[in-house]
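Let's take a friendly walk through this protein chain, one feature at a time. Please keep the viewer open as you read.

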Amino acid sequence: MDAVCYKGPRELEIIRAPVPQIRDDQVLIKVTCCGICGTDYHLAEGEFLAKFPLIPGHEIVGVISEVGKDVKDFQKGDRCVADNTILCDSCFHCRRGQYLLCENFESIGVTTDGGFAEYVAVQSKKVYKIQNLSDEEATLVEPTSCAIHGMDKLSPPVGIDALILGAGPTGLILAQLLKLNGASHIVIAANKGVKTEIAQSLNAADVYVELDRENPAPQWGEIKKNYPKGFDVVIEATGAESVANEAINYVRRGGTLMVYGCYSKQAVVHWSPAKIFGDEIKIIGSFAQVHCFPRAVAYLESGKINVKGMVTDIFSIKDYPKALEKLNSRSACKIAVKP
Ligand SMILES: [Zn+2]
């Protein structure tokens, strides 16, 4: 089969690989679509948990083409998505039920071979059937699962004002989740272009503010003027150091900053401890997800979270380098790869 392979940091090749052999508890998924996200770029750079050589791709959508002997709930031909997380169940944190902090956290497409290939093998307990969603829309199930985990961490009180920095798929899904779960007013700050247009078409926020992540300072004045008390919740979802550094200044006294982007390891912020202390600001991180797929599938299948139009670009496996370039240009919302 054709597959994308990261042989090492910044060593990308399109290879011919054998079709994976499944174990008795696995299914073989014929990939129909697989989403790219910032993680895939960081992996290509050798950051994150990358283990090389690696077939990346962790937002997997496909059709079941083979079923392991012990698998009861699936049949050949079922359309499905796959939860990419693999947990050890026996480390310090797993034994405490803190599965997200698993010390041996593995992920399909990050530490084991993933979905930028024609086939991928997945444990059946990690597979979920889909009905109404198109293949492109279903690439948003994984990002939605991560956003649901973010909401669990945030557990926002009813009636809050929220500021979301960044209008990538994550920002757009979090905005909708906040709307469904108690926010009274949502502002999205993002650069002009396709993502803001999609945000508006999805009616994701009440107000849209332009944000230049290379030079965020001028926009802050504008936000501060209109929201002098700041926001109960600020979500940093750009992954930009410059924006993360400023984000804390828009948190209302007693409010919460959620750090949600995918940052480079070198990124650092300079926050005033006096402000965090005096304003009683809560700072929380939210990374990936575990066990959030059932809720994500339900939200997307019901249409309550709308992801229509979010996939703006589709590439073949052979054109994967172009897909990464497009990702870097930040001119796409969601990019998907189809074998
Ligand atoms: Zn563990």
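Which domains does the domain assignment of the protein chain give?

## Two domains

The assignment gives domain 1 (2-140 + 310-338) and domain 2 (144-285), with bounds that come from an automatic or database domain assignment. Taken over C-alpha atoms, the centres of domain 1 and domain 2 are separated by 28 Å. Domain 1 brings 11 residues to the contact and domain 2 brings 13 residues, where two residues are in contact if their C-beta atoms, placed from the backbone, lie within 7 Å.

On the side of domain 1 that touches domain 2, helix α1 (residues 38-44) gives the most, with 3 residues. That side of domain 1 divides into 4 nonpolar, 5 polar and 2 charged residues. Here Ala, Val, Leu, Ile, Met, Phe, Trp, Tyr, Cys and Pro count as nonpolar, Asp, Glu, Lys and Arg as charged, and the others, Gly among them, as polar.

## About the model

This is a predicted model, in which local features need pLDDT of at least 70 and side-chain atom pairs count only at pLDDT 80 or more, while totals for chains, interfaces and linings use all residues. Residues are numbered from 1 along each chain as its sequence is written.

## Helix α3 and its partners

Two packed helices are described by the angle between their axes and the distance between the axes. The axes of α3 (residues 141-154) and α4 (residues 169-180) come within 9 Å and cross at roughly 50°; axes are lines fitted to C-alpha atoms, for helices over the stretch in contact, and angles run from 0 to 180 degrees between N-to-C directions. Helices (H or I, at least four residues) and strands (E, at least two) are DSSP runs, numbered from the N terminus. α3 and α4 are therefore oblique to each other (angles under 35 degrees count as roughly parallel, over 145 as roughly antiparallel, 65 to 115 as roughly perpendicular and the rest as oblique). In this contact, residues of α3 including Pro143, Cys146 and Met151 meet residues of α4, among them Pro169, Ile173 and Leu177. By class, the contact of α3 with α4 has 9 nonpolar, 3 polar and no charged residues.

With α9, helix α3 packs at an angle of about 115°, the axes being 8 Å apart. That makes α3 roughly perpendicular to α9. Val141, Thr144, Ser145 and Ile148 in α3 meet α9 residues including Phe293, Arg295 and Tyr299. The contact of α3 with α9 divides into 7 nonpolar, 2 polar and 1 charged.

## Backbone features in loops

The loop between α1 and β4 (59-67) holds Pro53, and the peptide bond from Phe52 to Pro53 is cis, with omega near -10°.

Now look at positive phi values. His291 is not a glycine, yet its phi is positive at about 60°; His291 sits in the loop between β15 (282-285) and α9 (293-301). Arg330, in the loop between α10 (320-329) and β17 (334-338), has a positive phi near 55°. Is His291 exposed, partly exposed or buried? His291 is partly exposed, with 14 other C-beta atoms within 10 Å. A residue is buried if 20 or more other C-beta atoms lie within 10 Å of its own, exposed if 12 or fewer, and partly exposed in between, with C-beta atoms placed from the backbone. Arg330 is partly exposed, with 14 other C-beta atoms within 10 Å.

## Ser90 and Cys102

Ser90 belongs to the loop between β6 (85-86) and β7 (106-107). Ser90 is exposed, with 10 other C-beta atoms within 10 Å. From C-alpha to C-alpha, Ser90 and Cys102 are 8.6 Å apart in space, and they are 12 residues apart in sequence.
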